[in-house]
Amino acid sequence: MDVYRTSFLEFEDFPETSEPVWILGKEYNALTERDEILSDVTSRLWFTYRKNFPPIGGTGPTSDTGWGCMLRCGQMILGEALVCRHVGRDWRWARGQKQREEYISILNAFIDKKDSYYSIHQIAQMGVGEGKPIGQWYGPNTVAQVLKKLAVFDTWSRLVVHVAMDNTVVIEEISECSGCSFSAGELNGCLEGACALAEEETALWKPLVLLIPLRLGLSDINEAYIETLKQCFMLPQSLGVIGGKPNSAHYFIGYVGEELIYLDPHTTQPAVDPCEDGQVPDETYHCQHPPCRMHICELDPSIAAGFFCRTEDEFDDWCMRIRRLSCNRGGLPMFELVDSQPSHMVSVDALNLTPDFSDSDRLERFFDSEDEEFEILSL
């Protein structure tokens, strides 16, 4: 714990307040649990700009400084999901400690090289299919769509990434994408036969990463959403929020008072190569000082909120909590939770944007804040 105390002295101190501190679904007391707060923050995967990695696409950039901050935030929110998936939310990192094999595998999925599942190379090249040339800044929706596509290839984690559009989470759609295609009867028959599969492979529910791109105002966040946004960080399924300001993205992991707590990717570090024994020098993947803070009113209204449900019971619990929040007074719901797609669901055409755009371009224009000339139309 001495390391943490020293870090607190070397950097701007965390506020001494009796107000609760919430970090990804866990509540802390800033007066009595300061070391625990920093330990939790330090244990989150911290992905920043890197330099001197292999050229993206063979001939492209060798650094993402200046353009990759939202991509790094996407890595952080998905990295948190993988931590919850493989080692658990309560897992803690310590400098110099021999790490679990699962943790090393998680880090290897993000190493800056072309064959890592979620490397800057994979995200940047997959983004080309979403209309984002390599080196162009992403918005929250683009990075969510790219992560959804990349997760399909991660056979180790077997995640389902669902991106909820139009400010609406449709339970039926999630059940379809996170469940298997065979019925319970077929499953039982298979288990009783000679071709019995491992329990993990036959589960009717695949761990769910739910990403919800949202627009919480025009040029500034609508204060009516602030309390609801805070409550999202209190949910045990919380993966945090990616967003920030136009062309400057952050990964928000909690709040204290009226300040959001976040990890900042805007630090350029040398690329890391795994050791011959497969271990990864990992100190630069953990922010070892008190986290950054900003007033919640400074948040750009274009964000994506993330949640992780390892089991169907956890998803049912999340639905119950969201419905309960919707009934509370004191905040405007950020999104709608429905059983099936309603007939009034806003279609792309209803956005009434230039007809020459493809659907993905229109939705990107709707959700991404890098388009400074865009304004939300009255729907």
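Pro20 belongs to strand S1, residues 20–23, and S2 covers residues 26–29; the two strands run antiparallel and are joined by four bridges. Strands count as paired here if DSSP finds at least two bridges between them. S1 and S2 make a hairpin with two residues between them, and Leu24 in that turn has a positive phi of about 45°.

Before going on, a word on the model. It is predicted, so local features need pLDDT of at least 70 and side-chain atom pairs count only at pLDDT 80 or more, while totals for chains, interfaces and linings use all residues. Residues are numbered from 1 along each chain as its sequence is written, and side-chain values use heavy atoms, with hydrogens and water left out.

Now the overall counts. The protein has twelve helices and 13 strands; these are DSSP runs numbered from the N terminus, helices being H or I with at least four residues and strands E with at least two. Of the 379 residues, 52% are buried. Buried means under 20% relative accessible area, exposed means over 50%, and partly exposed is in between, with a 1.4 Å probe and protein chains only. The accessible surface comes to about 16900 Å², and carbon and sulfur atoms account for 49% of that. Those areas come from the Shrake-Rupley method with a 1.4 Å probe; for residues, only the protein chains shown count as cover. Among contacts with a separation of 6 or more, 72% are between residues 24 or more positions apart. A contact means heavy atoms within 4.5 Å.

Next, the inside. The largest nonpolar core has 68 residues, and Val21, Val209 and Tyr251 have the most contacts inside it. Helix H3, residues 69–86, gives the most to this core, with eleven residues. A second, separate core of 39 residues includes Ile212, Leu214, Leu216 and Tyr262. By core I mean a set of buried Ala, Val, Leu, Ile, Met, Phe, Trp, Tyr and Cys residues joined through side-chain atoms within 4.5 Å.

What does Val21 touch, leaving aside its neighbours within four places in sequence? Its contacts include Tyr28, Ile37, Tyr255 and Ile261. Ile37 is one of the buried residues of helix H2. H2 spans residues 34–43 and is mostly covered, with nine of its ten residues buried.

Helix H6, residues 140–151, has twelve residues, which should span 16 Å at 1.5 Å a residue; its end C-alpha atoms are 17 Å apart, which agrees. The expected span is 1.5 Å times one less than the number of residues. Ten of the twelve residues of H6 are buried, among them Asn141, Val146 and Leu150. Gln145 is also in H6, and counts as buried because its relative accessible area is 16%. Not counting residues up to four places away in sequence, Gln145 touches Glu130, Val163 and Met165.

Last, some cysteines. Cys232 lies in helix H10, residues 226–234, and is buried at a relative accessible area of 4%. Beyond its neighbours within four places in sequence, Cys232 is in contact with Ser238, Phe307 and Met334. Cys232 and Phe307 are 75 residues apart in sequence, and 9.0 Å apart in space, C-alpha to C-alpha. Cys275 is partly exposed, at 37% relative accessibility, and Cys297 is partly exposed too, at 32%.
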